[in-house]
Amino acid sequence: MNPIRKQRRLVDGVLLLDKPSGISSNAALQRAKRALNAAKAGHTGTLDPLASGLLPLCFGEATKFAQALLDAGKRYTATVRFGATTATGDAEGPVTATFPVAFSATELDAALRTFTGPQTQIPPAYSALKFEGKAHYEYARAGVDVPRPPREITIHALRLVSWDPPDAVLDVECSKGTYIRVLAEDIGRALGSGAHLAALRRTATGAFSLDAAITLADFEALESGARDGTLLSVAVLVTDLPRLPVDAAAAASFRQGRTIDGAPLADGPCAVFCGAELLGIADMAGGRAQPRRVIPGTDAGDVQPT
């Protein structure tokens, strides 16, 4: 007898998830996806298992517009522990060296001010970045050094929240691609004391705040209909783009991939709406809007086999 194929729903929307520490971002994504019985999902910026906090998840058509959140700035509350370095740069790795902690809060605060602004950062050896098809951490575990080219990042703000030696709690606002554990190591080095990341919590991604997020446990405990009610509209991902309103006829053409009239918007990307419904995003040029990402007119309650 053929096994019954489980049906997954075509769910569209954005979930602001408060990821717990101790699991990977992908594990959190898969649990939320199963809870919604969703056909398609993706996250918008990895948090290490050690880290907790805001992890926006995109479902269905929202995955087409996730790049904006991948590129968005982030904000963290980071606990940096001075006096010891570890192999991984965080509390999950073995201690590699110990140092005295002989600086004051005033000296720490002065050091933090030197780390704001544009700068280069060398990614950690233990990271998911790839070299010749393999993750850096695979080479690191095997004791093999591979090239780790420096990357351009920006620390927009770095503030000392509290100092209880050997731990400093920092509020960090930074660009995408910033490794907070590398920042912790660099601060420790600048103060003549080793340091590593003891805890990390993401508090914001772009315009989204942790205050609006739901924990994974609370989300899974909801009834199925209530879970759907926690999802934000796909349109929240395009609020920074100029809005192009169109009528039903233009909407039909846009969804067929045809260029439509976009006057009087300036050249550049825009979000196309028919009433309150997001149709997708387009590239404006010379008063014409060329579809780039299109949301087809489908029923979010439809199902498809796994």
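**Close-up views of a predicted model**

P166 sits in the loop that links β11 (151-164) and β12.

**View 1. A cis bond joins P165 and P166.** The peptide bond from P165 to P166 is cis. Its omega is near 10°. P166 falls between strands β11 and β12, in the loop.

**View 2. A cis bond also joins A263 and P264.** Here omega is about 10°. P264 belongs to the loop between β17 and β18. Most peptide bonds are trans.

**View 3. N37 has a positive phi.** The value is near 55°, and the residue is not glycine. Most residues other than glycine have a negative phi. N37 is part of the loop between α1 (25-36) and β3 (41-43).

View 4. The loop in question runs between β12 (167-174) and α5 (180-190). Leaving out residues up to four places away in sequence, S175 touches G73, I153, T154 and H156.

**View 5. Five strands form an open sheet.** The strand order is β16-β18-β19-β20-β17. The pairing is mixed. Which strands are at the edges? They are β16 (243-245) and β17 (260-261), and each pairs on one side only. Strands of a sheet pair through backbone hydrogen bonds, either parallel or antiparallel.

**View 6. Strands β19 and β20 run antiparallel.** Six bridges join β19 (residues 277-285) to β20 (residues 288-294). I281 stands opposite R293 in β20.

**View 7. Helix α8 lies across strands of the sheet.** The helix spans residues 248-255. It lies across β17, β18 (268-274), β19 and β20. Helix α8 runs at about 75° to β19.

**View 8. The largest nonpolar core has 46 residues.** Which members touch the most others? They are L15, F82, L108, L158, L170 and I187. A second, separate core has 19 residues, including V14, V234, F273 and I295. In soluble globular proteins, nonpolar side chains tend to be buried together.

**View 9. L158 and its contacts.** Neighbours within four places in sequence are left aside. L158 is then in contact with L112, F115, T116, L170, D171, V172, L183 and I187. Both L170 and I187 are also listed with L158 among the core members that touch the most others.

Technical notes:
Residues are numbered from 1 along each chain as its sequence is written. This is a predicted model: local features need pLDDT of at least 70, side-chain atom pairs count only at pLDDT 80 or more; totals for chains, interfaces and linings use all residues. Side-chain values use heavy atoms; hydrogens and water are left out. Two strands pair if DSSP finds at least two bridges between them. Helices (H or I, at least four residues) and strands (E, at least two) are DSSP runs, numbered from the N terminus. Contact means heavy atoms within 4.5 Å. Axes are lines fitted to C-alpha atoms, for helices over the stretch in contact, and angles run from 0 to 180 degrees between N-to-C directions. A nonpolar core is a set of buried Ala, Val, Leu, Ile, Met, Phe, Trp, Tyr and Cys residues joined through side-chain atoms within 4.5 Å. Buried means under 20% relative accessible area, exposed over 50%, partly exposed in between (1.4 Å probe, protein chains only).
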